[in-house]
Amino acid sequence: AVWNEKKFAVDQQWADQFHVWTFEWDDEEMRILVDDEQINSQKVASADGTGHANPWREFPVYMIVNVAIGGANGGDASGTQFPVQYLVDNISYYEQIPDTLLVVA
């Protein structure tokens, strides 16, 4: 699978609203969701084509939030009126807690 193989069209009404973007990453798979709808996924083992272990466990991970305009994913930006606004209401980071066994005596 190619990471950027899925796209969806947006219009001005969609752009005028806030949306919840989610990136989930576990030992097996990475998933991108928009407003709780999964739009993309990729197996961790195939992310770099070499079958390495999950780098989440080996290296620090950083979040970068930007507005990319044009290119293969952004499409033709020649009709865009600049400047544009990129509004972010909130950014949250959560770490999944592994399942634990509860022993009741």
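User: Let's start with Trp14. At 24% relative accessibility, does it count as buried, partly exposed or exposed?
Analyst: Keep in mind that this is a predicted model. Buried means under 20% relative accessible area and exposed means over 50%. Trp14 stands at 24%, so the label for Trp14 is partly exposed.

User: Which residue forms an aromatic pair with Trp14?
Analyst: The count of aromatic pairs comes to 2. In one of them, the ring centres are 6.5 Å apart and the planes stand at 85°, which makes the pair edge-to-face. The ring that pairs with Trp14 belongs to Trp21.

User: What kind of pair do Phe23 and Trp25 form?
Analyst: A pair of aromatic rings is described by the distance of the centres and the angle of the planes. For Phe23 and Trp25 the centres are 6.1 Å apart. Planes over 60 degrees apart count as edge-to-face. The angle here is 75°, so the pair is edge-to-face.

User: How are Phe23 and Trp25 labelled, buried, partly exposed or exposed?
Analyst: Phe23 has 44% relative accessibility, and Trp25 has 25%. Values between 20% and 50% fall in the middle class. Because of these values, Phe23 and Trp25 are each partly exposed.

User: Now for charges: how many salt bridges does the structure hold?
Analyst: Arg31 meets Glu24 with the closest N and O atoms 2.9 Å apart, and Asp26 with those atoms 3.0 Å apart. Arg31 also meets Glu29 at 3.1 Å, N to O. The number of salt bridges in the structure is 3.

User: Which residues are linked in the network of salt bridges?
Analyst: Arg31 lies in strand 2, residues 29–34. The side chain of Arg31 also makes polar contacts with Asp26 at 3.0 Å and Glu29 at 3.1 Å. The linked residues are Glu24, Asp26, Glu29 and Arg31.

User: Which side chain makes a polar contact with the side chain of His19 at 2.7 Å?
Analyst: His19 sits in the loop between helix 1 (12–15) and strand 1 (21–25), and His19 is buried at 18%. The side chain of His19 reaches the backbone oxygen of Gln17 at 3.5 Å. Beyond its neighbours within four places in sequence, His19 is in contact with Trp14, Val34 and Asp35. The side chain at 2.7 Å is that of Asp35.

User: Last one: about how much accessible area do the residues of the nonpolar surface patch have together?
Analyst: One of its members is Phe82, in the segment after helix 2 (71–74). Phe82 is exposed, with 51% relative accessible area. Other members include Met63, Val65, Ile69, Tyr86 and Tyr93. Together the patch residues have about 960 Å².

Terms used
Residues numbered from 1 in each chain as written. Predicted model: local features only at pLDDT ≥ 70, side-chain atom pairs only at ≥ 80, totals over all residues. Heavy atoms only, no water. Salt bridge = Lys/Arg side-chain N within 4 Å of Asp/Glu carboxyl O. Helix = DSSP H or I, 4+ residues; strand = E, 2+ residues; numbered from the N terminus. Polar contact = N/O pair within 3.5 Å; in protein donor to acceptor, adjacent residues only side chain to side chain. Buried < 20%, exposed > 50% of the residue type's maximum accessible area, 1.4 Å probe, protein only. Contact = heavy atoms within 4.5 Å. Patch = residues over 30% accessible without salt bridge, like charges linked within 9 Å, V, L, I, M, F, W, Y side chains within 5 Å. Areas by Shrake-Rupley, 256 points an atom, 1.4 Å probe, with all protein chains shown as cover. Phe/Tyr/Trp six-rings, centres within 6.5 Å; stacked < 30°, edge-to-face > 60°.
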